[in-house]
Structure formats: structure tokens, C-alpha cells
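Here are my notes on the model, for you to check against the coordinates. Please read them with the structure open.

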Amino acid sequence: MPNETPSRTTRHKQQPKKNQQKKLPNKKKKKSFGSIFLKVILGLVFIGCILFLGGVGLFWSYASNAPELDEKRLESPNSSKLIAMNNEVFQELGTEKRETITATEIPKLLEDAIISVEDRRFYKHIGVDPIRIVGSALSNVKTGGMQGGSTLTQQLIKLSFFSTAASDQTLERKAQEAWMAVQLEKEKSKQEILTYYINKVYMSNGLYGMQTASKAFYGKALDELNLAETALIAGLPNAPSYFDPYANPENAKDRRDIVLFTMKENEKITEKEYQEAIDTPIDAGLKKLSGGNNTWKYYDNYIKEVIDEVEEKTGVDVYKDGVEIHTNIDIEAQRRLYDIVNTDQYVAYPDADMQVAATLIDATTGKVTAQIGGRNIEEGTMLGNNLAVSTARDLGSTVKPITDYAPAFEFNKYSTAKTIVDEPYKYKGTNIPVMNWDNQYWGTMSLRRALVESRNVPAAKLFEDVGADNIAEFLSRLNIQYESIEQANSISSNTSTQEGTKYGISSLKLAAAYAALANGGTYHEPQYVNKIVFEDGSEEVEAFKTRGTKAMEETTAYMVTDILKGVITSGTGTNAAINGLYQAGKTGTSNYSKEDIERINSPYSVTPDSTFAGYTKTYSLAVWTGYNNQKTPIVGDNTRIASDVYRELMQFVSASVVNSDWEMPKGLTRIGNELYFEGQYVEPVKPSKTKESSSSSSESSTAESTETTETSEVPASTSSSSQPVEPTPPPVESSSEAPIVPPTTPPASSSVVPPIEQTPPATP
């Protein structure tokens, strides 16, 4: 049966081979994996090429917009112009005090120092250094630092053509710097580039160029400097102000020693030379810096605040970036303020040591139009201490309108006629009595009279009525803070913690707060600058815009202003009166402790601080006076010098503006001389006319006062607000425990009371 069974050969052909069946799927899988892997590799290469080409295209796009190389900009300093509100250039930073050297005059020691610390591969790269960039990146990843990868050539390009502000360090700018650095290396030799750098860099204290700094610091040329001196000069451009040997000697030594270390590592100096140099005191050989131009003294304090504001709000370095800074300074007002404070033409000062700090603000905008932070400052001082922004001193009773009375009107809706009892009283929770300037208590009186006569007890009682939390919240609207506000702050700005200028009150803060009273309740942050213009014509305006915020009701501002007008016409501030001018203001003095008064032992009243702050509808002006040593007292009627300065400047600036009175806002009604919220008038109660000596204070009278405080309203006489409320004691105010002596002409305080050791003033 041959057809039934296939032959062995036939069967073999019909059946697939086992090994063939196994290999087919394996071959298919291997091909699939290899294909995917190849596709991934090709995809990555393709993406990399796209990114590379895109990066190249972006780089060329940025580079094509780079500025043209200009030798004049490489040579000249990047001076910044300070422009006043009338568009007059009143100061330039960087145009003076500049001496240059040529490429052949570069000392070898200086060259080694600069190359070692700034760009060790300077003579090997083409303007950019990929090795340095990668090394810096790895170092930053490893240490978390911010080491830069820029070459000396790139630094020169940045200084000459671009802003150094952190906000401007964009990818576009970096690309343009790199492109221009490469182009510069093609056009100039390494020595020429190094020379440009040496002559260009800012060296602190208004000095540009290393030769300039060498002669100013050491009185000799660069080639005459020793190793330690050369290292200091070479290290300064990295951060001139921070490493300034005059202002920050410790920082300067650290930087100098880093330069010396890099020189040793770069085998430019020996170990022995290194040790000898780092052992050299940082001030060795330093000379006293000479002053700037003759006009700088008028603006020093103002310029310091301008520089700080520009840096804080934009990051621009005015010494490096060559910008136009449009400020809010009124040149005529600033010069008049300087003359008022520094000559005897306007004010009779008791001695040369008394200090004055004053700030003038445009009440409608917050613009600081004039400021001075010291008197008889040493000639040649640049960016000196500005007492006008310091919160370290006590502004006394000038705080009462904004700490006690305005919050009482704002939160408690009191009228100006509301009665309060001036009587023996202690700070809440203590056995410390609140003292009035005359050591007397005047009994029941209206809030108007209490503020006009600057009685301390009513102020402390109002603080308790309104509550510390409400008062702190109200003051915060005026950018005034205390780390922990206390009832003593009802009559004092004294605080043990300042944290720079965060806590407490300065003449700047006080003028800004009073400006809110002047303009109907809107607070404006004080502004020294209104815009900056860069070399390419672009402007920064937004950072300097003043956006007013509501600090209080218009009714509150008007009520306080209405009372403070009386302070000048009939109260403690009559010395500030200016014939015909509508104005309001407040006096303030701080106090010594009983122990200090006994040690001073003066026949006259004494106080460490005397302040006057006042305003019109246009200007707000705060003036502080005192001595650098708080233990040197202001004696007798020299407390009036603050109001003398105020009067002289306010009269000057008000002569050229409209003189108008404030208009009463809706929601208030005037009955007689007093202001009430509409619908809240209460029948009057006759005020007390008796005065009780503080020596009769007792626990029983203090307890009784708690029951008799603020229970009724009192209208004043029917006369206008410009007339006295009623007969008053002599219009001289002080929160000092010693009574004020009637006006006299005491000898200079320096000859009556020698300065004694400095200790913090006692809190009242």
C-alpha cells in the first residue's frame, strides 16, 4: 500500500524543522529591539542637532543686536548723573578724581595680582573661556556658590556697555557680552584690554581706576606699592563698597588675603612673601581721603539715600552702570536747609556740636524734596551718617497726634470736645506715674486743649482707651512699627529695638506720617527718585511710582489738623508761627531719668532730644535736634531751635506755593470751636479750672481717676480755631520731669554741662 504512508523523505519535507520554528521569533525580537534602540539614538541626535542649531541661531540673533564696540566707552568711566526736579544736573558720580596709566606702565606685581584672582587663563583664552565656565559651573553645583565664569575681557565689556544689575543678567546679555569679548580680543592686545580694565573699574569712595585709588589711599603711584597694598587694590573691583578699607576694614582684609593666596597658588609669590603680606595690618599706609567737589556737601545725605533706593528697587549700581537718576530734590530748598543748619544767618545755635536732622516732603505725593542728616559735618565727608533716617532717638510728644489722638477719632469716634481728666495716673499694670512737663495736673479738659498743651496724662489715657492692638494697626498704615508697642509710646518713640530703621520713628517717617494728616488721610511711601534712564535710552519708572494708600478717614485727618493749628497759634508751638500761613504742627521733647538730671545738675531744664514737626497742605517737615552723645543735654529754651529751623525752611518753601486752608469734610459738624461727628453732639459740662500739684498724687486719687475719665463732651469758646481755647501757661512744652524755666539766654550747654558717659535714656 504505497499510497497510504508517505515516504521518510516526504515526511521530512512536510514537517518544519524544530530549530527553524524556534529561530524565527527570536530573530524577529532582536530586530525589533535593535530598531527601537537605533531610532532612540537617532532621535536624540536629531533633537540635539535641532537644539544646537537653535542655540546657535538664538546666539546669533542676540549677538546681532549687540552694541558696536566703541573705544570711547572703553576708556571713559560710567558716570551717573543725578538730576533734580527742575531737570538740573546737580551731581555726577565718577567724572572726577580719575588718573590713568598706559599699557607700558602696568606694574608686574599688579598684573600678577589681577590675573591670579580674576582670570588665571587670561593669556590663553579668546575672550571667553569654556574651561573656566565649566569649572565654575561644577564648583557652584558642588558648593552651592555663585562663582562666575566671566573673563576679564567680558567684565570690561559689561562695565563699558551694559548694566550690572542682577535683573539684567539675562541670556541675551550674556550672549552679547561673550560675542563682544571675542570681537574685542581680535581688535586689541591683551595688554591693552588689561589697561582698559585697570583704568575703568570703580574703586569705592567715588574713585575710578586703580591709579586713582592708589594715590588717594596711599599717596603714591601703582608702581610704588608694596605687595600687601597691591593686593588690596587688585581685589577691590569685585565689590568696591563691601571691600572698602575705610568703611569695612575686616572685609577688605579678607579680600586682600584671598588675592594673596591666589598669587601664591599661581606661583607669583613665595610662601614667605605671602605670610609677610597677610600679617600686614589692613590700614597700614592708608591716608585720610580728601573731600570731593565744593557742592557735594549740600547733598551728601540726600545722595546716600538716592543710591540706596536705586540699588534696593532696581539692583542698579550707580557707580558702574552710567545711568541718569531723576530725583525729587528741590535744589533751592536743599541749599537753604543746608545754610539754615550750618550757618548762624538764620538760627542762633548754642554751640558747634548741636546736631540737626530734618526731612521735607511733598505732602501730596510723598516725594522727599530736601533732607539733611547732620550739622557741621567734617569737610570732605562722602555718604556720611544720616541722622534724618535714624530711629535711634526719641521724638517725644510729636507722636501724640498719630499714636493717641488720631486713633481715638478713627476708632472711638471721639469729638475734639470730649473731656478727659488730667490727674495723678500710673501706666497700666505698673507703679510708674505719668508726669506732665510742669509737674502739675490741670483737671478736666477737652481733648483739644489736652493736645494743644501737650499734657502727657491724657495721652496715656487715650492710648489705654483705644487699645494697643488698634494703635499698632493704625501706625502700621503709616509705616511705623514697634517690636512691642507699650503705653509709654503714647508720649515717646523710644524703643530698645530698631533693627536698622524698621522699628521706631525718624524725621523721615514722622514727616511722611504728618503728610497723611496734611492731605486728608493718604499715606505715600517717601521717595527720593522718580525714574532712572539707562545709556540705551530705556527707562525704569514703575519701581519708583508712589501709590498712596488710605491710612485714615478724612474726618480723622481734619480733626487732628484742626487741633494742631492751635498748637502753633496758642499752644506749645507758637515759636513756629509764620504770619498768614495756614499750618499745623506739634512740639516734642524727650526726658532724662531722675538720676541723670541729678548728675547733670543744671539750673535750667534739660532734655536729650527736641523735635518739631508741622505741615501745610503742600509740605510736611520734621526737625530733630540733639547731640550725638545723648547725655549732652539741650538746655533751657534751646529746645526751640527745632521750631526755629522748621520756621525758617517752611517760610522759604511756602513763599512760592498756594497758601490755602483745609476744608472740613462731610461727616463732621463744628459747634463753637469744637468738631463733632454728625449726630453725636452732647450737652457740655463745665471744665475744671483747678490745678493739682503732682506732689499730692496718691493711690486714692489714681483709683478715682479711673472712674472720672472721658464721660462728657465740652465745647470750647465760640471763637474761631485760630484763637486761644482759654488762658494757658507759657507755651513751652517738655515731657522732661524737670519744669521749663521761663525764656532766658543760658550759656552754651557745652560750657554749663560737660558731656557724661553714654547710657540709654530712661523710658518715662
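1. Confidence. This is a predicted model. The mean pLDDT of the protein is 83, and 77% of the residues reach 70 or more. Two stretches need care. Over residues 17-24 the pLDDT stays under 50, and the model gives this stretch one contact beyond four places in sequence. Residues 692-764 also have pLDDT below 50, yet this stretch has 189 contacts in the model beyond near neighbours in sequence.

2. Aromatic pairs. The count comes to 15 aromatic pairs. Take Phe122 and Tyr123. Their ring centres are 5.0 Å apart with the planes at 70°, so the pair is edge-to-face; the cut-off for that class is over 60 degrees. Phe122 is buried, at a relative accessible area of 0%. Tyr123 is partly exposed, at 41%.

3. A pair between helices. Phe411 and Phe474 are edge-to-face too, because their planes stand at 75°, with ring centres 6.4 Å apart. Phe411 belongs to helix H15 (residues 400-411) and Phe474 to helix H18 (residues 468-476), so the contact ties together parts 63 residues apart in sequence. Phe474 is buried, with a relative accessible area of 0%. Phe411 is partly exposed, with 28%.

4. Ring cluster and charges over rings. Phe90, Tyr298, Tyr299 and Tyr338 are linked into a cluster by ring pairs. Two lysines are also worth a look. Lys190 has its charged end over the ring of Phe122, 4.6 Å from the ring centre. Lys264 places its charged end over the ring of Tyr274, 4.5 Å from that centre.

5. Helix H6. How many of the 10 residues of H6 (residues 152-161) are buried? Nine are, and the helix is mostly covered. Among the buried residues are Leu152, Leu156, Ile157, Leu159 and Phe161.

6. The five-stranded sheet. This sheet is open and mixed, with strand order S2-S1-S3-S10-S11. Strand S2 (89-93) and strand S11 (539-540) are the edges, each pairing on one side only. Inside the sheet, strand S3 (residues 324-327) and strand S10 (residues 529-533) run antiparallel, joined by four bridges. Thr327 has Val529 of S10 as its bridge partner. Helix H13 (residues 296-314) lies across S1, S2, S3, S10 and S11, at about 65° to S2.

7. Strand S15. Is S15 (residues 609-615) enclosed or open? Seven of its seven residues are buried, so the strand is largely enclosed by the rest of the structure. Asp609, Thr611, Ala613 and Tyr615 point one way, while Ser610, Phe612 and Gly614 point the other way.

8. Partners of S15. Strand S13 (residues 584-589) pairs antiparallel with S15 over six bridges. Thr589 stands opposite Ser610 there. Strand S16 (residues 619-626) is also antiparallel to S15, through seven bridges. In S16, Trp624 is the bridge partner of Thr611. A hairpin of three residues joins S15 to S16.

How values were computed: Residues numbered from 1 in each chain as written. Predicted model: local features only at pLDDT ≥ 70, side-chain atom pairs only at ≥ 80, totals over all residues. Heavy atoms only, no water. pLDDT = per-residue confidence, 0-100. Contact = heavy atoms within 4.5 Å. Phe/Tyr/Trp six-rings, centres within 6.5 Å; stacked < 30°, edge-to-face > 60°. Buried < 20%, exposed > 50% of the residue type's maximum accessible area, 1.4 Å probe, protein only. Helix = DSSP H or I, 4+ residues; strand = E, 2+ residues; numbered from the N terminus. Lys NZ or Arg CZ within 6 Å of the ring centre and 35° of its normal. Pairing = 2+ DSSP bridges. Axes fitted to C-alpha atoms, helices over the stretch in contact; angles between N-to-C directions.
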